[in-house]
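This report walks through the model chain by chain. Keep the sequence and the 3D view open while reading.

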Amino acid sequence: MIERLTEHRGLDGFDMRYGSLILAILAIGVVSIYSVTQGQHKGLTPYYLKQLMWIGLGAAAFLVMWASDYHQLARFAYPAYVFILLMLIFVLFEGRTSKGAQRWLALGPFSFQPSEFAKLILILVLAHYYSKAPRVGWLQRVIVPGLLVLPGLLLILKQPDLGSGLSFVAIYAAMLLMVGIRSQAIGFILLFGIMLFPFAWEGVWGSLHDYQRQRIMAFVDPGYDPGGKGYHALQSRIAIGSGQLLGKGLHGGTQSQLKFLPEGHTDFVFAVFAEEWGFLGVLILLGLFVGLIWLSLEIASKAKDQLGALLAVGIVAMLCFCIVVNIGMTAGMFPIVGIPLPLVSYGGSATVMTMASLGLLLNIKRKRLSLFY
Amino acid sequence: MIPTNYPETEFGDLHRRLLGLRVGLLLVVGLLGLRLWHLQILEGPYYRDLSENNRTRQVLLEPARGLIYDRNGILLANNVSSFSLYVTLEDVKDREVLIHQLTELLGLDPTVVRKKLETRGSKLLPRKIKDRMTLRDATLVESRRLDMPGVMIQVESQRNYPGGLIAAHILGYVGEISADQLEKPEFGDLHQGSIVGQYGIEKSYDRHMRGMAGQKSVEVDAVGHVKKAAVVERPEAGNDLYLTIDARLQKLAEDLLGEEQGAIVALDPSNGDILAMASRPAFDPNILSRELTSKQWVEIVQDEGRPLNNRASQGQYPPGSIFKIPMAVAALETKTMAPSSTVHCTGGYRFGRRVYRDWKAGGHGYVDLHEALVHSCDVYFYSVGQRMGIDVMAEFGKDFGLGRATGVELPSERSGIMPSPAWKQKAKRESWLPGETISAAIGQGFVTVTPLQMASMMATVANDGVNYRPRLVQAVMDRATGNLQELPAVPRGKINAKPETFRIIKDALADVVTKGTATRAKSSIVTIGGKTGTAQVAALRPGPEEDIPKKFRDHAWFVAFAPVQSPKIAVVVLAEHMGHGGATAAPLAKEVIEAYMQLPSQSPVVTSGLPAVSRHDEGSFTES
């Protein structure tokens with residue numbers, strides 16, 4: 001234990017490798033946002049400056065989380081969940097609509113996305129739930145937490161925010177796998193899912209917004225509606241592909257600079273980065289992400305208690321899901337579901353939430369190393 | 001195995017599961033990397049090509065063409081919006097269904113539409129099916145556009161001439177730039193599809209009126225849909241022209257000619273301003289400025305009356321007896337004749353073995369210069385011509401602007417012929433025959449002139465020898481600065497003759513009207529001086545005028561100026577195949593002069609207060 005303490009330099013468990021990975025990824029994000037929003041209207045605060053501001057706010061959240069105690073936080077999991085559910089209900093009525101979805105709540109001059117924070121709170125809720133007492137039987141292991149997830153999930157899908165909804169499901173599934181459901185249970189769920197699929201499909205497909213259906217159709221059949229959402233996917237592929245090995249350089253990305261690529265600073269920021277920095281840049285970014293996840297998994301495996309381990313797993317699952325799905329969709333492997341790339345995409349709520357989550361991870365590590373707990 | 005920090009519970013296999021997660025993560029990231037390697041390395045060149053072709057497209061914004069006003073600010077040419085229907089075959093799902101829809105909706109002829117759709121050409125380029133659509137039809141099509149893929153309504157700027165046929169030959173018409181024109185340097189900044197002046201002032205002042213095309217940068221997606229457009233460069237409207245013509249006088253002159261073929265030109269002698277320039281038959285510039293079918297074009301070109309020919313500046317006729325005016329000036333100035341010296345006219349003039357006849361069978365008896373002009377005695381001028389010689393005649397003729405273009409701002413002006421031995425040697429490779437001098441002396445033989453030249457000659461005499469270049473444009477309104485640039489009159493020189501000479505000749509011309517060959521031009525409100533002329537069409541005249549088929553009848557000339565004391569207007573009338581000038585042409589000149597003298601005082605010439613006229617300012621878009 002003491003050996004390990006001396007092994008990592010840094011203050012009270014603050015891992016410098018961890019910090020530098022986060023900073024490197026954030027820097028890539030800021031540079032890409034800076035590059036793609038060059039032609040932005042004068043007079044408005046540039047996006048990259050705003051993003052730096054969010055990062056500052058995120059750093060504060062990171063430090064607060066790191067300095068706190070996740071045991072204390074877990075205690076407030078349920079009230080926080082109720083609070084965020086109320087916010088999600090509120091956003092349906094009072095939220096700011098953008099691109100057909102009602103996701104934002106105005107907060108003074110800023111607006112934020114409750115669904116982003118709901119993810120972290122859900123992780124807290126589930127970790128708290130599983131760590132409280134021995135959970136045995138599929139009812140306690142699967143159904144009850146499932147019921148906990150459901151209201152948040154439904155509210156988010158109602159906005160509609162398919163990306164956050166899928167993140168919810170991913171977090172739930174990852175934690176379910178970690179607490180070790182039996183293979184029979186997995187089989188049962190799969191069977192149940194397949195049996196329910198036609199009905200679910202009908203319900204889900206029917207409840208989707210037009211643009212969501214188009215996005216899915218565009219994925220299934222790229223020739224469908226070439227001027228519509230398939231356009232995103234195609235332009236994104238062109239952007240990434242045309243970057244080739246070395247990329248076109250900063251501001252050199254014609255796809256993103258000439259606005260062929262929509263949402264270049266948010267959901268499709270990876271395509272911007274890939275166009276301007278090429279395959280080499282992509283490998284570096286993927287390496288940074290893998291390193292971050294790797295360190296996070298180490299924290300999970302060395303957490304001193306179940307709560308810590310579950311929290312860490314939930315956070316890792318959330319990050320992994322966002323990274324994989326975002327890159328997968330920009331590269332044309334998945335349908336476009338509107339999930340930001342953690343730490344890279346422009347966006348206040350997501351940046352602050354992600355950095356807070358990482359702060360929480362370090363907190364888990366810190367508590368493991370604190371001898372006097 | 002790494003020791004766990006928490007007790008053995010049902011979470012005991014967490015490490016195994018985390019290991020699974022790590023393996024899974026590496027697998028998924030590996031897959032992502034593989035996919036990106038595929039996109040960026042394997043297919044990289046392909047996507048690089050796509051991105052090169054993606055980008056922006058430049059779309060031209062056509063400028064609004066300058067307007068044309070008359071001297072009083074009456075609008076003669078402007079631009080109106082016009083809707084055209086285009087079909088892009090590539091986007092058409094079912095051609096027959098589309099033809100059916102279009103015929104149902106717009107009442108178009110299905111065979112015509114089918115033919116237009118089936119003509120060879122790129123499937124990707126929109127082809128025009130119908131132009132000049134009504135707003136109603138255009139909105140009808142627009143509202144059904146989703147049912148008719150490939151159909152597109154374009155707003156285009158269409159040149160419009162509110163007066164219809166009025167001043168058609170002066171204004172000219174516009175049309176799409178031709179392939180030949182595109183090669184020329186003066187059209188260097190233009191492009192396929194640009195509209196340029198093709199005739200008349202539209203052509204000669206094209207540079208002023210065409211303006212500068214602007215540019216719009218349009219971002220298009222992979223299928224050419226415009227995603228975003230930004231005006232990079234605003235189009236600059238062309239400059240407006242203020243002509244010297246008075247639309248009222250112009251209309252009168254045209255109406256006077258009516259169905260007859262001919263020309264009327266009215267000039268202001270004091271500055272060369274063309275007040276009216278009529279040529280009949282005329283064409284409708286509105287029709288010619290549209291896209292004509294080849295059949296329509298052939299019809300116009302093959303019309304016997306040659307309506308595209310501006311008879312005032314392009315028609316070349318023997319001047320006949322009006323040539324006696326410069327002859328008289330020459331006779332006095334060269335002292336070939338004294339004002340009082342007489343010639344005995346017996347009705348014929350013997351030269352060599354040939355007798356040159358006078359128009360009056362019995363002759364005029366003893367005539368001096370005055371009498372010779374008043375009664376248009378041919379024998380007197382035969383005698384003058386013979387004494388003077390062709391070279392002196394040619395010199396004076398040239399001084400009066402014969403044999404060279406006046407320099408009016410119209411394309412393809414003809415210069416006529418002022419013959420001389422040198423000219424004949426060059427043009428016909430024959431030597432000059434002495435008898436040809438005799439014919440030339442009364443404006444027959446090789447001499448040809450345009451009505452405009454004759455008007456200019458008359459104005460020069462009226463102005464005591466001071467000559468101005470006839471002009472049609474008196475001011476250009478610069479759209480960019482808002483400045484009205486008035487163009488100064490252009491002096492062309494002065495006939496070196498004594499004032500006395502002009503006084504004698506003008507007196508004689510006044511008597512032509514009061515008691516000579518042109519009494520039908522006599523006006524009760526203004527003193528008019530003039531001279532009749534008859535241009536022979538066929539050499540032989542086998543009988544009375546009425547028996548000759550009209551196309552062999554002579555052309556009637558009349559030149560006039562008024563008032564005699566201080567001339568304000570010079571007029572020429574040429575009526576083709578109308579016989580003697582005194583009978584048919586003179587009354588027309590009188591009407592023009594009287595109308596001009598009676599016109600309500602003109603509004604101050606375009607110095608301030610431009611008339612408010614709606615402009616079609618937003619140009620139409622043409623893809624480059």
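## Contacts and content of chain B

This is a predicted model. In chain B, take the contacts between residues at least 6 apart in sequence: 74% of them join residues at least 24 apart. Chain B holds 22 helices and 24 strands. It has 624 residues, and 44% of them count as buried.

## Confidence

The model scores ipTM 0.83 and pTM 0.57. Chain B averages a pLDDT of 83, with 86% of the residues scoring at least 70.

Two stretches of chain B call for caution. Over residues 1-8 of chain B, pLDDT stays under 50, and the model has eleven contacts beyond four places in sequence for them. Over residues 604-624 of chain B, pLDDT also stays under 50, and here the model has 42 such contacts. Where pLDDT is low, the predicted coordinates should not be read in detail.

## Chain A and its helix H2

Chain A has 15 helices and three strands. Of its 373 residues, 51% are buried. Among contacts in chain A between residues at least 6 apart in sequence, 69% join residues at least 24 apart.

Helix H2 of chain A covers residues 16-36, which is 21 residues. From first C-alpha to last it reaches 30 Å, close to the 30 Å expected at 1.5 Å a residue.

## A five-strand sheet in chain B

Chain B has an open sheet of five strands. The order is E12-E11-E23-E22-E21, and the pairing is antiparallel. Strand E12 (274-280) and strand E21 (529-535) of chain B are the edges, each pairing on one side only. Neighbouring strands of this sheet are turned by 5° against each other on average, direction ignored.

Look next inside the sheet. Strand E11 (residues 262-267) and strand E23 (residues 569-575) of chain B run antiparallel, joined by six bridges. There B:Val265 stands opposite B:Val572 in E23(B). Helix H10 (residues 247-257) of chain B lies across E11 and E12 of chain B. H10(B) runs at about 30° to E12(B).

## Strand E3 of chain B and its partners

Strand E3 (residues 75-87) of chain B pairs with strand E2 (residues 68-69) of chain B in the antiparallel sense, over two bridges. B:Tyr69 has B:Leu75 in E3(B) as its bridge partner. Five residues lie between the strands of this hairpin of E2(B) and E3(B), where B:Gly73 takes a positive phi near 85°.

E3(B) also runs antiparallel to strand E5 (residues 151-160) of chain B, with ten bridges joining them. B:Ser81 stands opposite B:Ser157 in E5(B). Four bridges join E3(B) to strand E4 (residues 127-133) of chain B, again antiparallel. In that pair, B:Phe83 stands opposite B:Met133 in E4(B).

## A hardly covered helix

Is helix H18 of chain B covered or hardly covered? H18(B), residues 421-428, is hardly covered: the count of buried residues among its eight residues is zero. B:Arg429 follows H18(B), and its phi is positive, near 55°.

Conventions
Residues are numbered from 1 along each chain as its sequence is written. Chains are lettered from A and ligands numbered from 1 in the order in which they are written. This is a predicted model: local features need pLDDT of at least 70, side-chain atom pairs count only at pLDDT 80 or more; totals for chains, interfaces and linings use all residues. A residue is buried if 20 or more other C-beta atoms lie within 10 Å of its own, exposed if 12 or fewer, and partly exposed in between; C-beta atoms are placed from the backbone. Two residues are in contact if their C-beta atoms, placed from the backbone, lie within 7 Å. The expected span of a helix is 1.5 Å times one less than its number of residues. Two strands pair if DSSP finds at least two bridges between them. Axes are lines fitted to C-alpha atoms, for helices over the stretch in contact, and angles run from 0 to 180 degrees between N-to-C directions. pLDDT is the predictor's confidence in each residue, from 0 to 100.
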